[in-house]
2 protein chains.
Amino acid sequence: MIDMRCEVVAIGTELLLGQIVDTNSSWIGEQLAASGIDSLMQTKVGDNAGRIQQALRAALERADAVICCGGLGPTQDDITRECIAAVMGVSLERVPEMEAEIAAMFAGRNRAMPESNRRQAERPVGAQFIHNDRGTAPGLICPFTINGVDKVLYAVPGVPFEMQAMMARVIVPDLVQRSGETATIASRVLRTWGSSESAVAEMLAARMSELDALESLVACPVTIAFLASGIEGIKVRITAKAATSEEVVSILDAEEVQLRAILGDLVFGVDDQTIEVVAAGLVKAAGLTLAVAESVTGGLIASRLVSVPGASEWFRGGIVSYASEVKFELLDVPVGPVVSAAAAEAMAVGVQRRIGSSVGLSVTGVAGPDEQDGQAVGTVFVGIAWPDGTVEHQLFRLPGDRERVRQYASISAVNFLRQGLVRRAAFLAQS
Amino acid sequence: MIDMRCEVVAIGTELLLGQIVDTNSSWIGEQLAASGIDSLMQTKVGDNAGRIQQALRAALERADAVICCGGLGPTQDDITRECIAAVMGVSLERVPEMEAEIAAMFAGRNRAMPESNRRQAERPVGAQFIHNDRGTAPGLICPFTINGVDKVLYAVPGVPFEMQAMMARVIVPDLVQRSGETATIASRVLRTWGSSESAVAEMLAARMSELDALESLVACPVTIAFLASGIEGIKVRITAKAATSEEVVSILDAEEVQLRAILGDLVFGVDDQTIEVVAAGLVKAAGLTLAVAESVTGGLIASRLVSVPGASEWFRGGIVSYASEVKFELLDVPVGPVVSAAAAEAMAVGVQRRIGSSVGLSVTGVAGPDEQDGQAVGTVFVGIAWPDGTVEHQLFRLPGDRERVRQYASISAVNFLRQGLVRRAAFLAQS
């Protein structure tokens, strides 16, 4: 196999003006990396024919493949097709079958096709269309030769969910095939909460050394990488390579078991699972209903839980007891310091009773900028009242500014609930 | 003045791998555009000396100025300083004054300076430092000549709030000065809610034609642009140019009056003001307190309001009445359809009484995927209970998927509150 290099050129003046943030290139880069393809440079360029061609030529000089994103729409601004044809040194041809397909799409929505959409049925001579099952703009695969070297240009729409479907279905497999790679590559992400990237890395250091040692002996089929994107915890990505997809899955399964044995309770889910989706599944499976009492998080936990489809089956509601009197009067918290373990537990019991749910979850803490009740900024107590009358709490010391503390407190609370449900499920299974 | 062109090179392998989305380039592009400086291409490149130099040289060939972002940290990965020196053809010099300044910063935090941070006191010969008042990595201004043409390279840290401070304080003014522009350029954004971009554009079409007509006669000092970034409404940016900053401000003021007369109540704020900050200011100014009852938004409104600094002065709390029984039992909503004007009004009155606030705000609606109470997805009722016993509601038909409907419902509710407070303030001022 050749060491495949693929650059991304994102097209659109609105990207340069900051009216839209270019998240497409980042997403494409992540997909390429997971398939073992290097993306060494990425470029943003405006809707200008000369500069688009300049950017494409420069990228093709450095890389084997280029994905250009955007500029496939029907308006006069959309000149990606023309620019690619110019770079390939060919003309555009209009394809009647694609014209008919686009017209049929409009007809299916009871709309007449505007004349301008016919441009979307054009492709550079020698290119193939990529079917768009989510919009009218087809993508393009354009293989050609520069100075005797094989290159390939892909064009995808700028609309993320149209682009993503084409990448997964056509472009990544096509790139992998062109690289001469006959193996299947796949990856799985273990999602963790409650530890820093360096602490997770330390826990996995021995296992990573083992894999490195294997690699120096044979082409190792498994690699591990850390992703720290966003605030939702550290992600551990396992990538595996094998002859068939069945083999890849069994390698991923085996490595997941190894890593879960090391990371234990830190792992809350895999791939796109959010912590609230996982907790929701456990609440539902246990036949429970939930209510939340929030102070410092001010509704963030409730809104996370409501975002889970089907939440109405198990989520009953919540009380945002921001003012202390609301805690005392509505949740029967004993008058006294409200940032305390006792207040958190009383809030959990209070909301369980007041809303009439089987489980009550609560959060009270200090987001700053000032300390409260003698407690430092970042101090957060989470409480849970269980159906059997058991009440528990946990203290967290969270870093960051006001907004960060509130977000971390929400995630920590849902994670504490998840851990409690896992423990209880194990206990119930034993007894 | 020369027509200044400035490119952005964002440095960091994590940007290419999609672990972090490059929002810095977009932000910089927006600032440059607002100052009349073109940004025609933007590049992302990994932490590789050869490729960073290649990207910088290519950008300097096309543009008068290049801002490189990232790679100024203390670790071995951070090679921006070395790469700039190589492109300039000079060596690095360590500056004892900057070394002392960085050491003092660590001392101020009661920490010893790690040896590696001394690298941050290095600069290419001929460059100047840009003081970093928010972190340890100073920025760089590097003016030099390529083939007899004056160019300038800037380096800023990748941490957004450190970068943004340097851009505003030093780099944008420096670029404007180098362009020979003696006029002052400034802009102001009017933020609107409740109308589409095309509808806002239609309302402003006549005024924009007037400005265009002026421009063909004289160099027009005012331009208008639409920004549709994010979900928080359409932004209308006014940009003005004049000899002094006093003149610019008075041009902006005059144009703001013109546009507000056209857009009326659609305008909720200017520049970085969020709708909750504006509403919070009105609640506080009127000496009121607020409580919210949320169904479809599930805590989103409360969490927006709590995010406003000083919220504890006027925000008392909320009830997330997700299950219908919570509406009936805790908010005294009459048993019946819960997606209705009557339910919204009862919820507002119920939360006002239950939480003990002077104003109650409520939302009930259908986020989907299925309709409810015979109401289509996107149907949302907002209710308000005022201190004088007046109760009112408004019906919204919101577009989008489940998450979009919930977000739009939150913003619409806070905007309805804002409009009510503005009307009442006007009424009280008259009477």
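Me: Which residue is the bridge partner of A:Ala225 in β11(A)?
Reply: The bridge partner of A:Ala225 is A:Arg237 in β11(A). Please note that this is a predicted model, in which local features need pLDDT of at least 70, side-chain atom pairs count only at pLDDT 80 or more, and totals for chains, interfaces and linings use all residues. Residues are numbered from 1 along each chain as its sequence is written, chains are lettered from A and ligands numbered from 1 in the order in which they are written, and side-chain values use heavy atoms, with hydrogens and water left out.

Me: How many bridges pair β10(A) with β11(A)?
Reply: The antiparallel pairing of β10(A) with β11 (residues 235-242) of chain A runs over 6 bridges. Two strands pair if DSSP finds at least two bridges between them. Strands (E, at least two residues) and helices (H or I, at least four) are DSSP runs, numbered from the N terminus.

Me: What is the strand order in that open sheet?
Reply: The order is β10-β11-β9-β12 in chain A, 4 strands with antiparallel pairing. Because β10 (222-227) and β12 (267-270) of chain A each have a single partner strand, they stand at the edges, and one side of each is left without a neighbour in the sheet.

Me: Which helix packs on the sheet?
Reply: Helix α2 (residues 23-34) of chain A does, touching β9 (184-192), β10 and β11 of chain A. Contact means heavy atoms within 4.5 Å.

Me: New topic: at what angle do α3(A) and α4(A) pack?
Reply: Helix α3 (residues 49-62) and helix α4 (residues 80-88) of chain A pack at about 50 degrees, with their axes 9 Å apart. Axes are lines fitted to C-alpha atoms, for helices over the stretch in contact, and angles run from 0 to 180 degrees between N-to-C directions.

Me: Which residues make that contact?
Reply: Among them are A:Ile52, A:Leu56 and A:Leu60 of α3(A), and A:Ile84 and A:Val87 of α4(A).

Me: Which strands does β1(A) run parallel to?
Reply: β1(A) is joined by 5 bridges to β3 (residues 65-69) of chain A, running parallel, with A:Ala10 opposite A:Cys69. A further parallel pairing, of 4 bridges, joins β1(A) to β2 (residues 41-45) of chain A, where A:Val9 stands opposite A:Thr43.
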